[in-house]
Amino acid sequence: MGDLKQYGLVRAQERLRDQVGHALRAALIAGELRPGQVYSAPGLAGDLGVSATPVREAMLDLAREGLVEPVRNKGFRVTEVSERDLDQFTELRTLIEVPTIGRVTRQADREQLEDLRPVAEEIVARAREHDLIGYLEADRRFHLALLALSGNERLVETVGDLRKRSRLYGLTGLDRAGKLVTSAEEHLELLALMIAGDARGAEACVRRHLGHVRSLWATPGTNRSAADSG
């Protein structure tokens with residue numbers, strides 16, 4: 001299966017469970033852990049150089065996120081998502097996020113939007129550094145923070161769940177092709193439109209961005225690995 005140690009159990013101050021979870025997410029993104037395959041906690045623990053207990057705990061965290069599912073007496077299977085699932089998730093996100101972004105653009109204080117500029121810049125910086133885990137985390141914070149300005153907590157929870165279920169397929173291939181930065185810069189474009197009060201432009205931008213994300217899932221020849229993005 002490869003040497004999972006490269007995915008980083010490096011920060012001693014973190015709980016081992018969290019470190020293991022970080023390493024497993026990185027392995028999912030890189031395609032080291034394949035959709036449909038079953039992995040045992042002891043086997044993964046051996047690859048990571050830790051005991052099986054924090055691996056089981058971390059895998060249960062991933063199961064709650066929908067990235068893996070328990071297989072009795074065997075371990076955990078990396079979940080697979082069909083093309084139909086991806087189409088439906090994207091349709092739902094578009095129906096929710098596009099009008100919400102328009103409403104937030106019209107109603108939010110410019111200062112509230114400007115506060116998110118460092119996060120948008122972090123997305124671009126992480127993409128340039130090929131830090132996929134950092135990219136995905138910054139991307140998640142940016143999108144959900146924008147939606148939170150609508151004041152609808154249930155909407156944010158729903159989109160967060162859709163993001164976990166859909167995940168970005170082909171992220172590693174996009175990075176290798178040198179296109180991840182271009183995708184990352186769309187966040188700065190969106191923020192600029194919102195700060196300028198251009199609701200229609202912001203709606204068009206987020207619609208285009210979600211379309212680009214879905215097209216990445218269908219790109220041939222890329223790793224179909226699991227991660228939360230968009």
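Author: A residue counts as buried under 20% relative accessible area and as exposed over 50%, with partly exposed in between. The model is a predicted one.

Reader: Why is H130 called exposed?

Author: H130 has a relative accessible area of 52%. Exposed means over 50%, so H130 is classed as exposed.

Reader: Where is H130 found, and what is its phi?

Author: H130 lies in the loop between α6 (117-128) and α7 (132-148). The phi of H130 is near 60°, which is a positive value in a residue other than glycine.

Reader: What makes N73 exposed?

Author: The relative accessible area of N73 is 76%. The label requires a value over 50%, and N73 is therefore exposed.

Reader: Where is N73 placed, and what is its phi?

Author: N73 sits in the loop between β2 (68-71) and β3 (75-78). Its phi is positive, about 65°, although N73 is not a glycine.

Reader: How do you know that β2 and β3 pair?

Author: Pairing asks for at least two bridges found by DSSP between the strands. Between β2 and β3 there are 4 bridges, so the two strands count as paired. They run antiparallel. V68, for example, has V78 in β3 as its bridge partner. The two strands form a hairpin with 3 residues between them, and N73 is in the turn.

Reader: Why is T100 called buried?

Author: T100 has a relative accessibility of 2%. Buried means under 20%, so T100 counts as buried. T100 belongs to helix α4 (residues 83-107).

Reader: Which residues is T100 in contact with, leaving aside neighbours within four places in sequence?

Author: They are L147, S150 and L155. What makes these contacts is the cut-off: heavy atoms within 4.5 Å.

Reader: How many helices and strands does the protein have, and what pattern do they follow?

Author: The protein has 11 helices and 3 strands. Along the sequence the pattern reads α-β-α-α-β-β-α-α-α-α-α-α-α-α.

Reader: What share of the protein counts as buried, and what is its accessible surface?

Author: Of its 230 residues, 49% count as buried. The accessible surface of the protein is about 11100 Å², and 48% of this belongs to carbon and sulfur atoms.

Reader: What share of the contacts with a separation of 6 or more comes from residues 24 or more positions apart?

Author: Such residues account for 72% of those contacts in the protein.

Methods: Residues are numbered from 1 along each chain as its sequence is written. This is a predicted model: local features need pLDDT of at least 70, side-chain atom pairs count only at pLDDT 80 or more; totals for chains, interfaces and linings use all residues. Side-chain values use heavy atoms; hydrogens and water are left out. Buried means under 20% relative accessible area, exposed over 50%, partly exposed in between (1.4 Å probe, protein chains only). Accessible areas come from the Shrake-Rupley method with a 1.4 Å probe; for residues, only the protein chains shown count as cover.
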